[in-house]
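Me: I have this one open on the screen and want to go through it. Start with whatever term I need.

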Amino acid sequence: MNPLLNRLQPYPFARLREAMQGIEPPQGMKPVPLHIGEPKHTTPKVITDALTASLGELEQYPLSAGLPELRQACADWAKRRYNGLVLNPDTEILPVLGSREALFSFTQVVLEPVSDGLKPVVVSPNPFYQIYEGAALLGGGEIYFADCNAPDFMPDWAQVPEHIWQRTRLVFVCSPNNPSGSVMQLDDWKELFALQDKYDFVIASDECYSEIYFGDDKPIGGLQAAAQLGRSNKGLVMFTSLSKRSNVPGLRSGFVAGDAELLKAFLLYRTYHGSAMGVPIQRASIAAWNDEEHVNDNRRLYQEKFEKVVPILQQKFDVGMPDASFYIWLKVSDGDDLAFARKLWREAAIQVLPGRFLARDTERGNPGKGYVRIALVADVEECVRAAETIVALCR
């Protein structure tokens, strides 16, 4: 058995189940799942039609590099979305089975074997998406956390010591951020790029929430920021997905884009990894990336939820709209996020995720403590009722 498996920690939802053992919600009350970031909106017909129309293509093995038509659709979307960003579909784009799989496997490509007894370091925001940690540990590396605290919830790169930067091979960023919904601005990217120039690490930019924003203020992407600053995409790879954008978490489809040299190595790894996307999935993905109408409808639904839910919560909590994403990062009045989550489950069958489960303790404490993550993924009415119940219980 691979001994590195022993270094993995339980997933946040497993920790939540354990923390709720022995606590029963009110009898007959339907659970309200606001703890998991799983989109609940209807999958668009343009995608399901393309999927079913291509089922006859299940008879063929797919290529690891994906269909040329899919890579072109991804490049076309990136150009429309990121102000004319030009990507070569043959060398700078690679379809993947969702961003989660790609974030994990890309880390295995980037991390180098231990030399001189020193493990390579992966720097991650804290709180964070747990795949970052698991990928680092199973790649034989170490992980170092840069805390994200109020008011901006941006990683504090100044917390990372010089000797850690010198061993850093990979830095994860998540913008829009999970769980806070904060978005990196151009100056934030400039700061990170300056560190990259100094310490020569790879940046993995997780942008799976990029299409859940409000108004016309589109979150800037990592490749877009590099282009605006006159940089190449060397050492920079962006990860995106259809799961949130198009309400198809079960499709397992996304793409990575950026540094051609890194993607060439990533494609070689994936050829052996056996992670090619089925052709019907690719056809459905092409339809999704080529259509923006369903994305606009999806965004309007999320905006409606926030516009109704946030004012309700403001009756009791100091909370505002996130920059993007479908999460509310709610500061708990008494600071005990776990007790708060237990109370909501015990008294109202509402499930939220304690922030401490999304972060790690460091010498500076746990930046997730005192917060809960609320995912506004249920329908509008259910989210409104949950918000009203939360306020009533906390009066």
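Reply: Buried means under 20% relative accessible area, exposed over 50%, and partly exposed in between (1.4 Å probe, protein chains only). This is a predicted model, where local features need pLDDT of at least 70, side-chain atom pairs need 80 or more, and totals for chains, interfaces and linings use all residues. Numbering runs from 1 along each chain as its sequence is written, and side-chain values use heavy atoms, without hydrogens or water.

Me: OK. Arg 245, buried or exposed?

Reply: Arg 245 is buried, because its relative accessible area is 2%.

Me: What does Arg 245 form a salt bridge with?

Reply: Its partner is Glu 292, with the closest N and O atoms 2.8 Å apart. A salt bridge here is a side-chain nitrogen of Lys or Arg within 4 Å of a carboxyl oxygen of Asp or Glu.

Me: How many salt bridges does the whole structure have?

Reply: The search finds 20. In one of them, the side chains of Arg 283 and Glu 57 meet at 3.0 Å, N to O. Arg 283 sits in helix 11 (residues 279–289) and Glu 57 in the loop between helix 2 (45–53) and helix 3 (68–81), so this pair ties together parts 226 residues apart in sequence.

Me: What about Arg 356 and Asp 337, buried or exposed?

Reply: Both are buried. Their side chains also meet in a salt bridge, 2.9 Å from N to O. Arg 356 is in the loop between strand 11 (353–354) and strand 12 (371–375), while Asp 337 is in helix 13 (residues 337–348), 19 residues apart. Elsewhere, salt bridges that share partners join Glu 57, Glu 69 and Arg 283 into one network.

Me: Different topic. How many residues of helix 4 are buried?

Reply: 10 of its 13, so helix 4 is mostly covered by the under-20% cut-off. The buried ones include Gly 98, Phe 106 and Val 110.

Me: And where is Val 391 found?

Reply: In helix 14 (residues 380–393). Val 391 counts as buried because its relative accessibility is 2%. Its C-alpha is 6.3 Å from that of Leu 313, 78 residues apart along the chain.

How values were computed
Helices (H or I, at least four residues) and strands (E, at least two) are DSSP runs, numbered from the N terminus.
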